Amino acid sequence: MVFDSGQPIYRQIIDDYQKQLVRGELQPGDKIPSQREYAQTHQVNPNTVQRAYREMEAMQMVETIRGQGTFVRVGGAELQRIRMDMAAEVLEYFIEEMRSLGFTQEDILQMTARALGQKEVEADDRV
Amino acid sequence: MIEFKEVSKCFGSVTALDGVNMSFAAGKIFGLFGPNGAGKSTTLKLAIGLNRPDRGVVLVDGKSPLDNKQNMAFLPEVDHLYSWMTLRQAADFMRSFYSDWDEEKYRELLVFLQLKEEMKLSRISKGQRAKCKLLLVASRQAPYLFLDEPLSGIDVLTRDEIIQTLIRDFRPGEQTIIISTHEIREVENLVDEVVFLDNGQVRLYGDAEELRTQRGMSLLDIMKEVFRNAN
Amino acid sequence: MPTSQKFWALYRKELHELRPEILIVAGLGLLVLILLATVGSPARNVLVFPWGMMIGLAGLLPIVSSFRLGREWNTNSIYLLMSLPVKGGTVLGAKLAALITQYLLGILVIGVTGLIMAVVMIPDLSSAWQALSRITIDPSLWSQIIWGLVLAFVFSLVLLAYVVNISFFSQVVGRLVKRYSGLLTAGIFLFTLWLAGKVILGIWEGLSQAQFIDVTTAPLQLMGTNTLIFAVVAAAVFILTVLIYDRRTEL
């Protein structure tokens, strides 16, 4: 994963893990790389990784068991909540951008429906 | 912790540092950024005691840098090792001076950096020489590690190895690393805190992540903006 | 790390850098011996001259090598030396010790070569020895001669250290400035040589005025005193150099 140097890196680490969780690439009980491993593979400051991991622990996304490693904790309802939170963030950004381009609520709804319909057609075509 | 209190340093008619105040807390990676001639090298040399300030005071853990040399590892921009030595001879030499020499790390890094002990320092490529210099400072458990332009003139693959070496052995909270470079992009994701120097003065300093959040830009873009405004 | 270990590491490094000069003298000795073996009898005697020259070399080469101190700055290894946790006394002491070693090795080569030459060139060793022993020499004179030789050797060592220390001093002071340091070094070297000479003469005058020495003082005692005076002045110059290196020298 390439980090966007314009955004705080620890946030990007957390976001990346959240995405993996939401997509099901990580299951509760899965072991995630140790802080040091992560820092090395992604070439980031171990302090930054520590900050990210600590926040994930505070968010109860993961838990560290001494001597064994860090494991994914969240699942079920918790995961759904994170999923909804992430969706809310994306929606907020989307709506703000569309509004700043001058579109009204009806415009946005129409365009979204059309774009979604388009996507369905494309998906069908591929099949 | 390293403190610079109202430090000024001139070399002849050139003012390298002009009444600067800086402090480097222990256990973090610092990026010392700025254009050529900003005073980055001078800052490092003053911290190690290779130069003395004309005015002001430099303190390392509350004492003079000269009393702290055993805690310091320095990787200068120049080729400072005896070129007739092999890597083995250079390592032997260093071993005799530093009680924090870590033989296991040395062996590991030899393999990781793909270096051979029989290599004669005068006969190897620039990239290999840079790796040798790094090997000798990284094979220690030194509380302070100073790197002056560790990546300049080095090919991309070697740069990767160098950065990986720095990360894998960094001991957060215990070790302090100060990297002076104008290649900000390479070390962007590596540094905890940054100091931007220009013409011997501090233009900006702070926590890297906070600066990114505040300004919504990378450190590189922040520096460009800072220096554009200065001019 | 104990200072002795650091000293030893520095000493070995210095010796390694002096290898070419040491090998020159050793090579010359070997050359003389080869010529000795291959050249016929009357021509052999000429070899005494190159052998004599080797003595001069053995004494001069270390002094020439001592001016290599400046190279640490030119090759940037001064960055390494000054960042090491080691005091100036150890750094300069190791250099001095290495130069003295270079000198001693040179003397050794000369001695061994001379011995072999004597054995080969003096056709009848036993009769020569008999002739020598027939010269009745007062036993006390013998011991005086032996002591004289020993003192001469010790004095040569002290004299070497004396000149080397002045060389170090002039180079360390010379490097305090960025430009014309070579010129400054040369000037300070000559000046200090002259000044130290004056100081030594002054000490001698003081001694004779205080009547510690006079016309009746034995030559051996004079030699010993001279050696001591040179040693003290050499040590003073060394201490001064170390002080400057530790307190004033910077990159």
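**Helices, strands and contacts in a predicted model**

Mentor: The axes of helix H2 (residues 35-42) of chain A and helix H3 (residues 46-58) of chain A come within 9 Å and cross at roughly 125°. Bear in mind that this is a predicted model.

Trainee: Which class leads the list for the contact of H2(A) with H3(A), and with how many residues?

Mentor: From H2(A) you've got Gln35(A), Arg36(A), Tyr38(A) and Ala39(A), and they meet Pro46(A), Val49(A), Gln50(A) and Tyr53(A) in H3(A). Sort them by class and you get one charged residue, two polar, and nonpolar with five.

Trainee: Zooming out on chain A, how many residues does domain 2 give to the contact with domain 1?

Mentor: Chain A splits into domain 1 (9-74) and domain 2 (77-126), with 28 Å between their centres, taken over C-alpha atoms. Domain 1 of chain A brings four residues to the contact. On that side, three are nonpolar, one is polar and none is charged. Domain 2 of chain A, for its part, brings five.

Trainee: Over to chain B: which residue in S4(B) is the bridge partner of Glu3(B)?

Mentor: Strand S1 (residues 2-11) of chain B runs antiparallel to strand S4 (residues 55-60) of chain B, with five bridges joining them. In that pairing, Glu3(B) is bridged to Leu59(B).

Trainee: Then which residue in the turn between S1(B) and S2(B) has a positive phi?

Mentor: S1(B) also pairs antiparallel with strand S2 (residues 14-24) of chain B, through seven bridges. One of the bridged pairs is Cys10(B) with Thr15(B). The two strands form a hairpin with two residues between them, and the turn residue with a phi of about 65° is Gly12(B).

Trainee: Last one: which elements of chain B give two or more residues to the side that touches chain C?

Mentor: In this contact, 21 residues of chain B meet 17 residues of chain C. The chain B side divides into 11 nonpolar, six polar and four charged residues. The elements giving two or more residues to that side are helix H1 (40-48) and strand S5 (72-75) of chain B.

Notes
Residues are numbered from 1 along each chain as its sequence is written. Chains are lettered from A and ligands numbered from 1 in the order in which they are written. This is a predicted model: local features need pLDDT of at least 70, side-chain atom pairs count only at pLDDT 80 or more; totals for chains, interfaces and linings use all residues. Domain bounds come from an automatic or database domain assignment. Two residues are in contact if their C-beta atoms, placed from the backbone, lie within 7 Å. Ala, Val, Leu, Ile, Met, Phe, Trp, Tyr, Cys and Pro count as nonpolar, Asp, Glu, Lys and Arg as charged, and the others, Gly among them, as polar. Two strands pair if DSSP finds at least two bridges between them. Helices (H or I, at least four residues) and strands (E, at least two) are DSSP runs, numbered from the N terminus. Axes are lines fitted to C-alpha atoms, for helices over the stretch in contact, and angles run from 0 to 180 degrees between N-to-C directions.
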